[in-house]
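Here is a short briefing to read beside the structure.

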Amino acid sequence: MDIWRCGFIARPLQQLLGGWPDAVVHWFPEQPAGRFLADPFGWQQGETLHVFAEALDYRSHHGTIERWSFDSSGRLLESRPALREAWHLSYPLVFEAEGAVWMLPEAHRSGTLTLYRGDDKLERWQPETSITLDAAPVDATPLWHAGRWWLFYTPAGPKPQHLHVAWSGRLTGPWHAHPLNPVRVDAAGARPAGRAVIIDGRIMLPVQDCTSTYGGAVRPLWIDRLDEREFSASLAAPLALPPGAGNYRDGMHTLSASGDWTVFDVKRVDRSGRGLLYDLQRYMRPSG
């Protein structure tokens with residue numbers, strides 16, 4: 001049973017690619033047994049950092065999105081529900097575009113990818129449109145580049161080593177699948193793991209290294225060529241875990257730029273058998 005814990009550091013992402021700097025790492029509070037927070041994405045609003053994350057309790061195994069807000073010193077101000085649907089939600093990528101703030105959470109069990117528009121207080125998220133692609137997407141990650149939108153994603157199912165790309169002139173579509181899909185097939189670096197950014201003129205997409213375990217590490221994928229016909233990229237070495245991870249040393253599968261901050265998650269594997277107990281309890285629970 002994978003248990004994730006989120007954290008953040010007051011440094012921009014590019015400063016972490018060469019190693020963790022000498023700065024305080026702020027950790028989210030430990031969650032109750034059988035519960036975790038993962039897939040954090042930050043939104044900086046003045047001196048406040050809002051972190052949107054997947055919240056999951058193994059008793060229900062139903063992911064929802066929560067918002068955790070911190071002041072500039074890393075002190076927790078509040079935590080509150082942000083988005084809940086009838087289906088599992090995760091990977092709540094929040095970003096600004098076209099005069100609004102958007103959330104694009106992973107929700108492949110709904111059968112589609114829904115783009116949500118947020119209000120001024122980031123408290124209400126309304127469905128804006130459904131994005132149709134060549135496969136049900138997991139961890140869809142948008143990027144505005146060279147005058148159009150690009151979307152990086154992994155098809156749902158047993159192929160986490162596949163990376164697909166689509167492009168559109170507008171965020172709401174229509175979206176066009178890249179003719180080379182899958183543009184990358186590599187368990188060591190294909191599934192998106194955080195916000196795509198441009199560093200020194202190059203696109204850097206964080207990706208998961210799943211060669212030994214799901215979410216075993218995060219690697220930078222440097223995209224050297226991206227247009228409607230071609231794609232090429234080079235994969236860098238796995239990044240080190242942040243200092244202070246403690247017993248959460250079994251993996252990292254999100255690393256995301258958030259203005260002056262960077263947010264991330266790390267995991268530990270609970271081998272106590274508690275996960276099997278939760279599965280049995282769900283199976284035995286009466287329906288309806």
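Are Phe 28 and Phe 70 buried or exposed? Phe 28 is buried, and Phe 70 is buried as well. Keep in mind that this is a predicted model. The protein comes to one helix and 21 strands.

**Aromatic pairs**

- The structure holds 13 aromatic pairs.
- One of them joins Phe 8 and Phe 28 edge-to-face, at 6.2 Å centre to centre and 85 degrees between the planes.
- This pair links distant parts of the chain: Phe 8 sits in strand β1 (residues 2–9), and Phe 28 in the loop between β2 (25–27) and β3 (35–45), 20 residues apart.
- Phe 8 has a relative accessible area of 0%, so it counts as buried.
- Phe 28 has a relative accessible area of 1%; a residue is buried under 20%, so Phe 28 qualifies.
- Phe 28 also pairs with Phe 70, this time tilted, with 5.0 Å between the centres and 55 degrees between the planes.
- Phe 70 belongs to strand β5 (residues 64–70) and Phe 28 to the loop between β2 and β3, so their pair ties together parts that are 42 residues apart in sequence.
- One aromatic cluster takes in Phe 8, Phe 28, Trp 68, Phe 70 and Trp 261.

**Sheet β2-β1-β21-β20**

- Four strands form this open sheet, in the order β2-β1-β21-β20, with antiparallel pairing.
- β2 and β20 are the edge strands, and each pairs on one side only.
- From one strand to the next, the twist averages 25 degrees.
- Six bridges join β20 and β21 in the antiparallel sense.
- Ser 256 has Val 263 in β21 as its bridge partner.

**Sheet β7-β8-β9-β10**

- This open sheet also has four strands, ordered β7-β8-β9-β10 and paired antiparallel.
- The twist here averages 30 degrees from one strand to the next.
- Strand β9 (residues 113–118) pairs with β10 in the antiparallel sense over six bridges.
- Gly 118 has Trp 125 in β10 as its bridge partner.

**Around strand β17**

- Strand β17 (residues 202–209) is mostly covered, with seven of its eight residues buried.
- β16 and β17 pair antiparallel over three bridges.
- Ile 199 has Arg 202 in β17 as its bridge partner.
- The two strands β16 and β17 form a hairpin with two residues between them.
- Asp 200 lies in that turn and has a positive phi of about 50 degrees.
- β17 also runs antiparallel to β18, joined by seven bridges.
- Asp 209 stands opposite Ala 217 in β18.

**Nonpolar cores**

- The largest nonpolar core has 25 residues; Phe 36, Leu 255 and Phe 264 touch the most other members.
- At least two residues of this core come from each of β1, β3, β16 (197–199), β18 (217–226), β20 (251–258) and β21 (261–269).
- A second, separate core has 19 residues, including Ala 100, Trp 149, Ala 166 and Trp 175.

**His 178**

- His 178 lies in the loop between β14 (176–177) and β15 (184–185).
- Its relative accessible area is 3%, so His 178 counts as buried.
- Leaving out residues up to four places away in sequence, His 178 touches Val 165, Ala 166, Val 183, Asp 227, Glu 228, Arg 229, Glu 230 and Phe 231.
- Ala 166, one of these contacts, is also a member of the second core.

**Overall build**

- The C-alpha trace spans about 50 × 50 × 40 Å along its principal axes.
- A compact globule of 288 residues would have a radius of gyration near 19 Å; the protein has 18 Å, which agrees.
- Of the 288 residues, 53% count as buried.
- Among contacts between residues at least 6 apart in sequence, 49% join residues at least 24 apart.

Technical notes. Residues numbered from 1 in each chain as written. Predicted model: local features only at pLDDT ≥ 70, side-chain atom pairs only at ≥ 80, totals over all residues. Heavy atoms only, no water. Pairing = 2+ DSSP bridges. Axes fitted to C-alpha atoms, helices over the stretch in contact; angles between N-to-C directions. Phe/Tyr/Trp six-rings, centres within 6.5 Å; stacked < 30°, edge-to-face > 60°. Buried < 20%, exposed > 50% of the residue type's maximum accessible area, 1.4 Å probe, protein only. Core = buried A, V, L, I, M, F, W, Y, C linked by side-chain atoms within 4.5 Å. Rg over C-alpha atoms; globule rule 2.2 N^0.38 Å. Contact = heavy atoms within 4.5 Å.
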